[in-house]
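Here is a friendly walk through one protein model, written for someone who is new to reading structures. Please keep the 3D view open while you read.

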Amino acid sequence: MKRPFISVIITAYNRREFIRDAVNSIISSTLPEDEYEIIVVKNFKDENVDSIVEKTGGKSIIANLVTVGAMIALGINAARGDIVTFLDDDDMYLPNRLSIIKRIFKSIHSLIYYHNNVITINETGNIIRDKLVESTNIYNSIIAYNYEDKLDVLKRYGLGLGLRSSSIAVKGSFIKRWVNIIKYFPELQDVIVFLLALIDEGAIIHDPRPLTYYRVSSTSASSVRAIVNPINRFNRAVRINARHALARHMLVTLAKKSGLSKYIKYDEATIIGGIYGNWGRWLSKAVIDLLMCGSIKCIGSAMFGLTYLISPWLAK
């Protein structure tokens, strides 16, 4: 089987109504079918979607993971393409997007990160005007080859080049280096990938052409409508992710010391389920061993994480 040049990763959690449109937008691409692969990571079965994806030589992965980061990481690890691009299950690509991505990455060998503008659509797929979304589009062509140029881009445009996963494409070798970081972030993968591209070696590009249909709907949890200021969005997510990281540290410590290490490669919900599923047997051993954690930092993180699980408000 020919190796695809581009891997498209679609993630979906419990939302079924738009995913067929997302898949069909890829199939309608002007890029030949043998030059891309579709990887769908979701927590439910859809015979129609699964059949279409498999017929194109793609992969449909059923995974009971509750965080987007863990789902995206699963897709990245399964990707075979030189380039990896993302598509939220409620968004769609314009037909020429993949062909443009191929041409740009082929022409600039140092390129590791690509970003494009969007067209806003509503729940029924009709194009709408949305001032907030349009205000986050950047109408200049941007390219930065080195750290100094990238810093200038960050100072001038803030996190604008990191908004919307469905606008992002990256070099596969770059994203695979950072996949173990991405999987631990329950949200904000678009900004995280952008920040990783800033600190890694390689060029970044913003393409002002609108090549993605960005859906605004009542179920769009990642919509920029949720938080007007992207800086506030980032700061809020960092606080959330810090709490998740501490909670996970406590859970992993507990799982390891309880003899439940088979659960630690999964996300928080799976670890919780594993620990609670075996809680009666391991409770005494876990509590005693936790007190022998070995360092103040370990114990502090564990107790803070436990506090967060009991009461997120108290942990704040």
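The report below starts with the whole chain, moves to a set of strands and a helix, and ends with a few single residues.

## The whole chain

Keep in mind that this is a predicted model. The protein has 14 helices and nine strands. Of its 316 residues, 53% count as buried. Among contacts between residues at least 6 apart in sequence, 74% join residues at least 24 apart.

In soluble globular proteins, nonpolar side chains tend to be buried together. Here, the largest nonpolar core holds 38 residues, and Phe86, Tyr113, Val170, Ile175 and Ile204 have the most contacts inside it. Helix α9 (residues 189-199) contributes the most to this core, with seven residues. There is also a second, separate core of 31 residues, with Ile10, Ile38, Ile104 and Tyr114 included in it.

Now find strand β2. Seven of its seven residues are buried, so the strand is largely enclosed by the rest of the structure. In a regular strand the side chains alternate between the two faces of the sheet. You can follow this along β2: Tyr36, Ile38, Val40 and Lys42 point one way, while Glu37, Ile39 and Val41 point the other way, and all are buried.

Which strands are joined to β2? Strand β1 (residues 6-12) runs parallel to β2 and is joined to it by seven bridges. β3 also runs parallel to β2, with four bridges between them.

β1, α1 and β2 form a right-handed β-α-β unit. From β2 the chain passes through α2 to β3, and this β-α-β crossover is right-handed as well.

## Helix α2, from end to end

Which residues of helix α2 (residues 47-55) are buried? They are Val49, Asp50 and Val53. These three cover an arc of only 95° around the axis, which puts them on the same side of α2. An α-helix has 3.6 residues a turn, so residues three or four places apart point the same way. The buried residues of α2 pack against α1 (19-27), β2 (36-42) and β3 (59-62). On the face turned away from the buried side, α2 carries the exposed residues Glu47 and Lys55.

The ends of the helix are worth a look too. Just after α2 comes glycine 57, with a positive phi of about 85°.

At its start, a side-chain oxygen of asparagine 146 comes to within 3.2 Å of the backbone nitrogen of glutamate 148. Glycine 158 follows α6, and its phi is positive, near 60°.

| Residue | Phi |
|---|---|
| Asparagine 14 | near 65° |
| Arginine 164 | near 80° |

Asparagine 14 sits in the loop between β1 and α1. Arginine 164 belongs to the loop between α6 and β8 (168-171).

Is asparagine 137 buried or exposed? Asparagine 137 is buried, with a relative accessible area of 8%. You will find it in the loop between α5 (131-136) and β7 (142-144). Leaving out residues up to four places away in sequence, asparagine 137 touches Asn117, Val118 and Arg164. The side chain of asparagine 137 reaches the backbone nitrogen of valine 118 at 3.1 Å, and it makes a polar contact with the side chain of arginine 164 at 3.4 Å. Arginine 164 is itself buried, with a relative accessible area of 5%.

## Glycine 172

Last, turn to glycine 172 in helix α7 (residues 172-177). Glycine 172 is buried, with a relative accessible area of 3%. Leaving out residues up to four places away in sequence, glycine 172 touches Gly81, Asp82, Ile83 and Val84. The C-alpha atoms of glycine 172 and isoleucine 76 are 8.1 Å apart, although the two residues are separated by 96 residues along the chain.

Terms used: Residues are numbered from 1 along each chain as its sequence is written. This is a predicted model: local features need pLDDT of at least 70, side-chain atom pairs count only at pLDDT 80 or more; totals for chains, interfaces and linings use all residues. Side-chain values use heavy atoms; hydrogens and water are left out. A nonpolar core is a set of buried Ala, Val, Leu, Ile, Met, Phe, Trp, Tyr and Cys residues joined through side-chain atoms within 4.5 Å. Buried means under 20% relative accessible area, exposed over 50%, partly exposed in between (1.4 Å probe, protein chains only). Helices (H or I, at least four residues) and strands (E, at least two) are DSSP runs, numbered from the N terminus. A polar contact is a pair of N or O atoms within 3.5 Å; within protein, one must be able to donate a hydrogen and the other to accept it, and residues adjacent in sequence count only if both atoms are side-chain atoms. Contact means heavy atoms within 4.5 Å. The arc is that of the directions from the helix axis to the C-beta atoms. Two strands pair if DSSP finds at least two bridges between them. A crossover is right-handed if, with the strands pointing away from the viewer, the path from the first strand over the helix to the second runs clockwise.
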